[in-house]
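Student: I am new to this structure and would like a close look at a single part of it. Please pick one element and describe what surrounds it.

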Amino acid sequence: MARRNGKDRGVVFKQGGWWVRLYVNGREKWFRADSKSQAKTLYGRLRSEARENRYFPEKYAVSKELTLRAWIARYLEGVTSPGLRNVHRYGKFWSKLLGRKLLTEITADDLRHIQAKMKHKGTRTARTINRYFGALRRILNLAIADGLLSANPIKGVKFFSEPAGRLRFLSDKEISSLRDTLPPEHWLIVAFALETGLRLTEQFHSRWDCLNTEQGILTIPLSKSGKTRHVILTDAALEIVKGLSSWMHSPFLFPSPLTSVQPMQGRNFVVKIYEPGLEAGKNRRSHLAHLAAYLCLSGCDGGSRYPDRPRIDGPFHDHDDHALRASLSNSFTHSSESSEFGSDCREQSEWNRE
């Protein structure tokens, strides 16, 4: 076959190697070859596929494999999960451990070895280890969705069985001891948790514009489940929020003592205030979230505002819940009047935040 000026069409020698230059739909494409013969063969095949509409440049493109560290960094940029701090902690853990490996180089055997090592070390429970591997599973599933992986190596790892959770309720004596130990302004925060059963983040991120004092409803825009939910406040809980003065200078019910535009740091409150108050009993902050279940099981109807609410019988129906309620309500009133907010703030009970 005759060649123009003795040159093969589409075959170019440059930068010390042979290249194939091809125009498809008006766009120039370049492909590298090891030799001139290979370049001529590749050019002929590509031209044939282009004529028959079978041309796919992805097959000949250089593979753009990513390391796990690079993929985790890209993943964290688009995360909007409520548990962002945990996501970053898991990402940092896996980046440090397997960050240099390509996504395609991670094997189930590597992960099983890491799982066994974490278990043997004994610094993390089986439940926590499962959370770390669950986070990695989500990260690799996104890599599969983007075409960077063909299969998830986590499938070859068996998660540890987790024991069923145990409900732990604060006793009347523990509540009374906690009330006597904490300063009045801190007891109000704990008392609100006891009355509402809110999670730590939900309580400290509660906003005034999400509170309806007339209906006695607090709206949680983004709960742990990712959905909006509404919490019915008891009379004692309403008494607490109506005695707060933070509505005058902050959008949060419990603002940070350093800046009113930020909520109070729940973790700091737990570590520095709540846990020391319960050190003798070795309890934890999560116990507060279960008091609502205790009151429900014991037949408490949440106050006179809901007289038609049915009584729920349960294993705690013999407890003197009315005495407990009276004790809590009296302590709320005493704490509010003796707190730094003063009696003037309690006269603001009929304000309207709508």
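Tutor: Start with two aromatic residues, Trp 94 and Phe 133, which are both buried. The model is predicted. Trp 94 lies in helix 3 and Phe 133 in helix 5, 39 residues apart, and their pair links these distant parts of the chain. Helix 5 is the part to look at closely.

Helix 5 covers residues 126-145, which is 20 residues. From its first C-alpha to its last it reaches 29 Å, close to the 28 Å expected at 1.5 Å a residue. Just after helix 5 comes Gly 147, with a positive phi of about 80°.

Next, consider which residues of helix 5 are hidden. The buried ones are Ala 126, Ile 129, Asn 130, Tyr 132, Phe 133, Gly 134, Ala 135, Leu 136, Ile 139, Leu 140 and Ala 143. Several of these positions can be read with a general rule in mind. An α-helix has 3.6 residues a turn, so residues three or four places apart point the same way. Among the buried residues of helix 5 are Tyr 132, Leu 136, Ile 139 and Ala 143. The partners against which the buried residues of helix 5 pack are helix 2 (68-77), helix 3 (84-98) and helix 4 (108-121).

The contact with helix 3 can be followed through aromatic rings. The structure holds 10 aromatic pairs. One of them joins Tyr 90 and Tyr 132 edge-to-face, at 4.7 Å centre to centre with 65° between the planes. Because Tyr 90 lies in helix 3 and Tyr 132 in helix 5, this pair ties together parts that are 42 residues apart in sequence. Tyr 90 is buried, with a relative accessible area of 10%, and Tyr 132 is buried too, at 5%. The rings of Trp 94 and Phe 133 have their centres 5.1 Å apart and their planes at 80°, so this pair is edge-to-face as well. Ring pairs join Tyr 90, Phe 93, Trp 94, Tyr 132, Phe 133 and Phe 159 into a cluster.

The largest one has 32 residues, of which Trp 187, Val 190, Phe 192, Leu 233 and Phe 269 touch the most other members. Helix 7 gives this core its largest share, 7 residues. A second, separate core has 28 residues, and its members include Leu 98, Tyr 132, Ile 139 and Ala 143. Tyr 132, then, belongs both to the ring cluster and to this second core.

Methods:
Residues are numbered from 1 along each chain as its sequence is written. This is a predicted model: local features need pLDDT of at least 70, side-chain atom pairs count only at pLDDT 80 or more; totals for chains, interfaces and linings use all residues. Side-chain values use heavy atoms; hydrogens and water are left out. Helices (H or I, at least four residues) and strands (E, at least two) are DSSP runs, numbered from the N terminus. The expected span of a helix is 1.5 Å times one less than its number of residues. Buried means under 20% relative accessible area, exposed over 50%, partly exposed in between (1.4 Å probe, protein chains only). Contact means heavy atoms within 4.5 Å. Rings of Phe, Tyr and Trp (its six-membered ring) pair if their centres lie within 6.5 Å; planes under 30 degrees apart count as stacked, over 60 as edge-to-face and the rest as tilted. A nonpolar core is a set of buried Ala, Val, Leu, Ile, Met, Phe, Trp, Tyr and Cys residues joined through side-chain atoms within 4.5 Å.
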